[in-house]
Every structure is written in C-alpha cells, then in structure tokens.
Amino acid sequence: MSTIVATLGTDRARRLRAALTALLVAAVALCAPFYFAPFQVFQLTMVLLYAVALAGLNLLVGFGGQISLGHGAFFAAGAYTAAVMLDRYDTGHLATLPVAAAGCFLLGLGFGVPALRLRGLYLALVTLAFAVFLPPLLKRLEPVTGGSMGLTVDKPQPPAWSGLAEDQWTYYVVLAVTAVALLLARNLLRSRIGRALLAVRDNESAAEVMGVRLSLHKTLAFAWSALFAGVSGCVYTWVIGFVSPDSFSFVLSITLLAGLVVGGLASLYGPLLGAAFVMYVPSVAQDISEAAPGVVFGLLIIAVMFVAPTGLAGLAGRVRSTVARRLTRTTTPATDDDRSSDSDPEPSAPPTPADPAPADAEPVGAPPRTEKE
C-alpha cells in the first residue's frame, strides 16, 4: 500500500482505490440474483429502493442540517402516484417514474415554503403531522386510492429475450434506478447547490453574508429530498404490486430517519448501510423475540449507536484507516534511529576509576628514550 501511494501520490491512490471498490461492488451486485433464493433477491431489491429514499433524506438532514419526520409521506405520494397511473390509466411502469418524481418535487417545494419559518423541534413536529394525517386522507379518497382496501397493480414482467425470472428482472430494474439516483445525489452534492447546503448547515449567518440565499436552498433541500422519496415510492409499487394506507404510517418515517442515523449522516455510503439496517434488522428482531420485536429493534439501535456514534459508515472508515495504518507500519522498513529508539537500551556498567600512572611513565606522544637518558 505504501509503495502504491508513493508511486501514484495520495490523490491518485485514493481515486484508484475508489474505482476498484466501485468495480467490486458492481460485480457483486450484478451477480447477486444468480446466487440467492427468490426471497433473498426480494430483500436485496428492497434494500436498493430504501437506499434511494435515504439518499434523499440525507440531502435534507445530513447535508442540509434540517430535520424531517415526514419522509414517509413523500414516499407514499410517489407510491400512490404510480399505483393510480397503473390501475386507472393503464400506463407503462417506466412512464410512472418521471411523473412520481416531478409530483413529489413540487409537493416538497410547496411544503418547504411554510417550513422556512420553523427549525428544530418545531419543524420536526410539523413534518410528523404531515406523515400522521396522510394515511387517513388516503382512506377517504376511495374513488381514486381504493380506500382502506388499497390498489393492486401488475409487476413489471421480464422480456422474453432476457431469460430472467420475475424477481431477477425486477432486481435489475431497481438496481439501475438506484445507481442513477445515487449518482445524481453525488453530483448534486458536488455542485453549487451542494456547497450551498453545506454552508447553510454549518453557519447560516456566514452563508448569507457570502451571498447564499437561505430561503431558496432550504426550500430546494425539501424538494430534492421529496423527489428521491417519490422515486423510491414508485419503485416500491413496482416491487410489491400493492399499496394501502396502512403501509405508510408515521412509523415508516421514524424508521427511515433511524436508518439514516445508523447508516451515517452526511455520508455517501450511509444510505446503503442504513437501508440494509432497515431491511434486515427488523427480521432479526422478529426472530429473537416474536412477542416484542420493537423492543429488540430499539435495543439494537442503541447498541449500534453506542459502538458507532457516527454511524456504520464512520465505523467502516475508522476500521479502514486503522488497517491501513498497521499495513503501512509493517511494510515500511525501520531505520537505525527507529530501531535504537524502539529497543530498550541496555544498562551500562558504572565507570571504573582509572589506574594511577606510574611515576616513570612516559607522557603520551613523548619521543622514545635513549640509553644515555
């Protein structure tokens, strides 16, 4: 590792490591459906779509510095947009994706305007109220949403040329949507909008002095977050094939926020880790205790946050840096100074007094004596 860093430089070595990691992850993701059972492929598909929702929430909470407990409402809006289009208007599955994204973007934009005057707990309370009243509203709109019975739609079917099963084809479709969404979130954070969000999060007064429009970027943070949630909800309809108001209670919003915190705020890999936590940990909690899975789920969250206060992404970064440090120490040869400083010096014997010189001893450097002398 130290030889690679010395040869390529720190920046090039970091880019090479990121490229190799991306290739490895892509290879694993592409080969996964052929090595797992259909139910496990379904779980991986759910992890991918939850990662899209958490990427949007990360823009708002992790990088924007705002709080939202109503992310599940935008998720439900995207899901019902796709379900209504598929059931009532018999449109194609891909046609529902841009409509759900645009509709949720406008919904988030409209919701972000009144939220400008609120912050902290007040903003969290308002967003939670949005998530609480949406399911009863969906039940009352029975002619459109199907009421409490919900809507059942067809899942995307694999084309004949693919030779894939239904679960494998759905997985690859969701994988493509997730890859595009995460790439969009990454580029967005590296753009002027992302830098403005970071400035607003760190210091609003300083950001305003530097020319950042607080109202615009705070509203856009809600809008972009809602867009990603709408895309995730639309894909959820494709995967499940059924939507109902009870599937989008306010517990979903709390779970998504908990997953983001556990995965790691303000991290590009946090949404993926948080999505895996949201998908698999409730199943583990159910296996541990069928009577009280919520208690076990809460205890597991507390345990993870105690071990990794900055989230699983931060823990992975600390482990990687520790391993790299140890590899560097073992591959770098120690110098003589390092060896002398590392080894314990041997105790030296006390100096012995010098023997007194005899009276007729010749002084050092004196010429040899002759016989006459």
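## A buried tyrosine

Tyrosine 172 is buried: its relative accessible area is 19%, and the cut-off for burial is under 20%. The model is predicted, and the values here are computed from it.

## Aromatic pairs

The model holds 16 aromatic pairs. One of them joins phenylalanine 34 to tyrosine 172. Phenylalanine 34 sits in the loop between helix 2 (10-31) and helix 3 (38-62). Tyrosine 172 belongs to helix 8 (residues 166-189), so the pair ties together parts that are 138 residues apart in sequence.

Ring pairs also build a cluster. Its members are Tyr50, Phe75, Tyr80, Tyr236 and Phe248.

## Helix 4 against helix 11

Helix 4 (residues 71-88) packs on helix 11 (residues 214-240). The axes are 7 Å apart and the angle is about 45 degrees. That angle makes the two helices oblique to each other. Their crossing is right-handed.

Helix 4 brings His71, Phe74, Phe75, Gly78, Ala79, Ala82, Ala83 and Leu86 to the contact. Helix 11 answers with Ser225, Ala226, Ala229, Gly230, Ser232, Gly233, Cys234, Tyr236, Thr237 and Trp238. Of the contact residues, 11 are nonpolar and 7 are polar. None is charged.

## Where the two themes meet

Phe75 and Tyr236 belong to the aromatic cluster. Phe75 of helix 4 and Tyr236 of helix 11 are also among the residues that make the helix contact.

Key: Residues are numbered from 1 along each chain as its sequence is written. This is a predicted model: local features need pLDDT of at least 70, side-chain atom pairs count only at pLDDT 80 or more; totals for chains, interfaces and linings use all residues. Side-chain values use heavy atoms; hydrogens and water are left out. Rings of Phe, Tyr and Trp (its six-membered ring) pair if their centres lie within 6.5 Å; planes under 30 degrees apart count as stacked, over 60 as edge-to-face and the rest as tilted. Helices (H or I, at least four residues) and strands (E, at least two) are DSSP runs, numbered from the N terminus. Buried means under 20% relative accessible area, exposed over 50%, partly exposed in between (1.4 Å probe, protein chains only). Axes are lines fitted to C-alpha atoms, for helices over the stretch in contact, and angles run from 0 to 180 degrees between N-to-C directions. Angles under 35 degrees count as roughly parallel, over 145 as roughly antiparallel, 65 to 115 as roughly perpendicular and the rest as oblique. A crossing is left-handed if the near helix is turned anticlockwise from the far one by less than a right angle, and right-handed if clockwise. Contact means heavy atoms within 4.5 Å. Ala, Val, Leu, Ile, Met, Phe, Trp, Tyr, Cys and Pro count as nonpolar, Asp, Glu, Lys and Arg as charged, and the others, Gly among them, as polar.
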